[in-house]
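Okay, thanks for coming, everyone. Let me put the structure up and then walk you through a few spots in it.

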Amino acid sequence: LAKASFLLFVLVLLVAGFGLAWFASWRSDKLASLDSASEIAETKKGRIEYVDRGEGPTLLVFHDAPGGYDQAILLGSLFAEEEFHLVAPSRPGYLRTPLTTGRSLPEQADAMAALIEMIGISRVAVLASSFGAPAALHFPLRYADKVAALVLLSPALTISAVDQKTFPIDLGQLIDERLEGDFGAWVALESLQKDPRILLDGIVQNESDGTQAEHEALVEYTLENADQREWFESLIETFVPPSAREAGVRNDLQQLRTLNDLPLEQIVVPTLIVHGTADKLIPIAGSEAMAARIPGAIFHRVDGAGHLVELGPKAAEVQSKILEFLRERSAGQLPR
């Protein structure tokens, strides 16, 4: 019995050691891969990590939380692939863009203006998702002459019509619960590759209102649609490792909690706001109020969609609407 217990103890140590070595190798490889695929711009506002690719009118993407340039590429490619010059930066606090480049939302807008100036671009269309929207809104408020169009997806913004208390879920808490640090993120990714259903079901439950049957239908639709399944799996990749994105997430939450009412009536650029009626993270009422205040803004309701309007039966409709808007508003814009 003593020998058997000792052998079991040794086996547990070996398995644990192998697991930790596997995790350490994954984390190191992931960070190295992220670093090698991006560039660093030393702008007058500070260091900014970014990727730019493609030809045509420029689309500047403000990614969500958590995220980084990799998520900006994923978002931009979904709506403007092969038609636009895509500029995909990591916002301050994410990956290799330090918080010192722009902690506040106006500073983040200034940093992005410095980036496109350094690249040699005079005018851009702006695409922002969820927690990237507050900084993106400051961009046309401060640099209207540089913006051809503004597209906001499920924007997270506290304005007078919608109090923060209506937010039923703290996104940072959701991230912590789902990923639980770098090790938890690694385990989640290993599980995702074997069977994405569990992670997808958990996210749908947290980001979408509706009945259990509606949740199950969305999960099945996403899994059966090869493009959507691949997009979802790629999105999860842009959350990890959490430690390299944590500073940005925490800063985004802090900025949102202290966000003052913006002078939305002063936004003079063509604006499209897209929001799902079943969004559980960011209630649609905030976007409706925002659209009513931005002169000439177009509001597109996605019936039955949750926070991730990129998933579900209406995803193609959303993609078509955004592409049409960007094409029209970017017509005549000088290519890079």
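Predicted model: local features only at pLDDT ≥ 70, side-chain atom pairs only at ≥ 80, totals over all residues.

Gln-228 sits in helix 9, residues 226–237. Helices here are DSSP runs of H or I, at least four residues, and strands are runs of E, at least two, numbered from the N terminus. With a relative accessible area of 8%, Gln-228 is buried. Buried means under 20% relative accessible area, exposed over 50%, and partly exposed in between, using a 1.4 Å probe and protein chains only.

Next, Phe-232. Not counting residues up to four places away in sequence, Phe-232 is in contact with Leu-192, Pro-196, Leu-199, Leu-200, Ile-203 and Leu-311. Phe-232 is also among the residues with the most contacts inside the largest nonpolar core, which has 49 residues. By nonpolar core I mean a set of buried Ala, Val, Leu, Ile, Met, Phe, Trp, Tyr and Cys residues joined through side-chain atoms within 4.5 Å. Helix 2, residues 69–80, gives the most to this core, seven residues. Apart from it there's another core of 45 residues, including Val-87 and Leu-137.

Now the rings. We've got two aromatic pairs; rings of Phe, Tyr and Trp (its six-membered ring) pair if their centres lie within 6.5 Å, and planes under 30 degrees apart are stacked, over 60 edge-to-face, the rest tilted. Phe-62 and Phe-139 have ring centres 6.2 Å apart and planes at 65°, so that pair is edge-to-face. Phe-62 is in strand 3 (58–62) and Phe-139 in helix 4 (133–142), so the pair ties together parts 77 residues apart in sequence. Phe-139 is buried, at 0% relative accessible area. Phe-139 also pairs with Tyr-143, tilted, at 5.6 Å centre to centre and 45° between the planes. So what do the ring pairs link into a cluster? Phe-62, Phe-139 and Tyr-143.

Last one: Val-268, in the loop between helix 10 (246–257) and strand 7 (271–276). Val-268 is exposed, at 64% relative accessibility.

Conventions: Residues numbered from 1 in each chain as written. Heavy atoms only, no water. Contact = heavy atoms within 4.5 Å.
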